[in-house]
Amino acid sequence: MKREAAIVGIGRTAYSRNSGKTTLAMAVEATRNALADAGLSLNDVDGMVAFSTGDSVSTGAVGYALGLDGLYFQSDVAGGGNVAALVMSQAFMAVESGNCDVAVVYRSLNSCSGHRFGTFAGPIQAGGDSQFSAPHGYMVPGQWFAMWARRHMHTYGTSHDDFGAIAVTYRNHAVNNSHAMARSPLTLEEYHDSRWIMEPFHIYDCALEADGACALVVTTRERARDLKHRPVRLLGHVGYTGKAGLNDQWDDMTCMYSAFVAPRLWDRTGLAPSDMDFACLYDCFTYTALATTEDFGFCEKGEAGSFYRSGRATYGGDIVINPHGGLLSEGYIHGLNHHVEAVLQLRGDAGVRQVEEPELCLVSAGAAAYGSALVYAGD
Amino acid sequence: MSRAGSSEMPPPQPAPDSHSKPYWEHLARGELAIQRCQACREWQFPVLEFCRRCGGALGYEKLCGEGTIYSYLVQHHNVAPGFDALRPYAIALVTPDEAAHVRLAARIVEAAPDEVRIGQRVRVEIVDLAGGDYKLPVFALLADGASSDAVQGGDPPG
Ligand SMILES: [Zn+2]
């Protein structure tokens with residue numbers, strides 16, 4: 001019989017503005033917490049998967065620091081939020097193929113206290129593709145997405161109220177999340193009054209940079225029966241990279257990678273957006289959430305603003321999107337924290353923000369020209 | 001560590017490689033040129049070693065310098081050294097007239113950021129890049145640059 005895998009444990013550190021810890025210490029802490037949550041021991045771990053943009057610690061170093069003699073499956077993916085679903089898919093494949101029996105997936109970063117965009121140790125020499133953009137003062141990811149957002153505004157009449165509706169919805173969710181970094185309610189007026197970062201983005205359109213780590217444990221579904229929690233299954237994963245990730249050269253900036261991932265994911269799983277009980281959508285910027293809410297089919301193209309404003313993306317509406325507050329309010333653990341929330345909700349362990357008896361959820365990862373998404377189910 | 005754009009810090013300087021060197025050499029002569037396949041005639045940007053459509057050899061060819069704004073942003077927060085005094089400044093993605101699938105990112109000059117619109121016609125100006133010997137293409141709005149979507153095409157109907 002084919003081996004099936006499942007998520008059996010989750011763990012994390014506190015999410016903060018200044019951890020005072022190394023990415024190694026946080027990865028170790030999150031991993032230990034995830035194994036304790038699962039009811040497994042360190043000796044059970046024989047696989048590890050992680051991703052980083054050169055800002056974190058390798059699986060080999062984490063395994064060593066945890067006292068493991070070695071790992072039989074090890075994958076260090078070079079990538080940003082676009083691979084936050086891919087790494088989970090890799091862990092499932094590694095367990096299902098028999099490459100390993102217990103895989104830990106983690107993301108550990110000091111995105112707040114570590115390197116900050118806008119600080120420079122010295123003059124910049126821009127090579128590769130950035131030689132054509134950086135000399136113009138065009139050199140941080142938010143600038144790409146601002147271009148995309150402006151195009152959507154032009155094509156569909158999307159307004160700042162629409163972006164604001166997303167920021168406000170997610171913040172109201174984070175109010176009920178004790179792990180979230182930003183928990184004070186946000187009004188649309190406060191959103192409009194906040195400072196510009198890069199128009200059309202206010203500060204509240206941008207993810208909350210955070211220090212922290214989270215980890216998930218994947219093993220066989222068979223073994224999961226003897227463990228502590230209700231396991232979470234993976235029903236399908238699809239990733240897409242367009243134009244080699246050259247965001248400026250993407251044909252139509254009103255749609256993201258998700259326009260390619262969504263039809264394939266719904267086809268592969270035999271499911272529809274209306275089957276999802278909640279979703280954790282990658283939200284590095286409000287526009288990312290806006291475009292992907294549309295692309296995955298939760299509403300029509302160009303209607304995401306009114307979708308959020310009318311309460312269809314929160315409790316009592318069509319679907320709860322980002323019940324934890326997303327990267328915008330829980331914190332920027334690069335999208336792996338979305339998977340932790342998915343597990344909490346599907347297990348029924350989300351406390352006061354629990355979505356009512358959820359069975360299925362979509363988790364997306366990435367923005368603009370590249371990303372991935374998957375569907376989880378409670379077992 | 002010093003904060004971005006402090007007055008002593010120059011803007012980022014290009015670090016050309018063998019394939020991009022002609023791009024900067026053309027600019028030094030006051031010309032905007034990008035790669036074009038010598039076999040299938042496809043324009044290509046950013047640079048590659050060979051044509052991504054047919055694998056043919058690439059050469060640099062001059063653009064007329066006019067184009068249309070596909071999208072733009074207005075930068076307020078200081079993210080790049082050398083740009084502190086310019087804030088807020090507009091950066092646009094410009095579609096050159098010759099190559100509808102190519103976007104060039106460049107600063108918009110001689111206009112207030114709130115005058116910039118998608119669909120506006122622009123013309124290149126080649127200016128000195130502070131802090132070194134390079135020249136940089138920037139774009140100015142054309143006087144008759146009325147917003148025109150017919151030039152853009154491509155998007156689904158709203
Ligand atoms: Zn060719």
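Predicted model: local features only at pLDDT ≥ 70, side-chain atom pairs only at ≥ 80, totals over all residues.
Local features need pLDDT of at least 70 and side-chain atom pairs count only at pLDDT 80 or more, while totals for chains, interfaces and linings use all residues. Residues are numbered from 1 along each chain as its sequence is written, chains are lettered from A in the order in which they are written, and side-chain values use heavy atoms, with hydrogens and water left out.

**View 1. The two domains of chain A.** Domain 1 of chain A covers 5-115 + 209-224 and domain 2 covers 138-206 + 233-379; such bounds come from an automatic or database domain assignment. Their C-alpha centres lie 23 Å apart. Domain 1 of chain A brings 39 residues to the contact and domain 2 of chain A brings 28, where contact means heavy atoms within 4.5 Å. About 2600 Å² is buried between these domains, 70% of it on carbon and sulfur atoms. Buried area is the accessible area (1.4 Å probe) that two parts lose on being put together, summed over both. On the domain 1 side, R12(A), Y15(A) and N82(A) lose the most area, together 24% of what that side buries.

View 2. The side chains of D37(A) and R347(A) form a salt bridge at 2.9 Å, N to O. The side of domain 1 of chain A that touches domain 2 has 22 nonpolar, 10 polar and 7 charged residues. In this division Ala, Val, Leu, Ile, Met, Phe, Trp, Tyr, Cys and Pro count as nonpolar, Asp, Glu, Lys and Arg as charged, and the others, Gly among them, as polar.

**View 3. The interface of chain B with chain A.** Here 52 residues of chain B are in contact with 41 residues of chain A. The buried area is about 4200 Å², with 57% from carbon and sulfur atoms. The count of salt bridges is 0, whereas 21 residue pairs are in polar contact, both at pLDDT 80 or more. On the chain B side, β6(B) gives the most, with 6 residues. Helices (H or I, at least four residues) and strands (E, at least two) are DSSP runs, numbered from the N terminus.

View 4. Q125(A) stands opposite Q13(B) in β2(B).

**View 5. The two domains of chain B.** Domain 1 of chain B spans 17-62 and domain 2 spans 65-145. Their centres, taken over C-alpha atoms, are 21 Å apart. These domains bury about 1000 Å² between them, 78% of it on carbon and sulfur atoms. W24(B), L32(B) and W43(B) supply 48% of the area that domain 1 buries against domain 2, more than any other three residues.

Key
Salt bridge = Lys/Arg side-chain N within 4 Å of Asp/Glu carboxyl O. Polar contact = N/O pair within 3.5 Å; in protein donor to acceptor, adjacent residues only side chain to side chain. Pairing = 2+ DSSP bridges.
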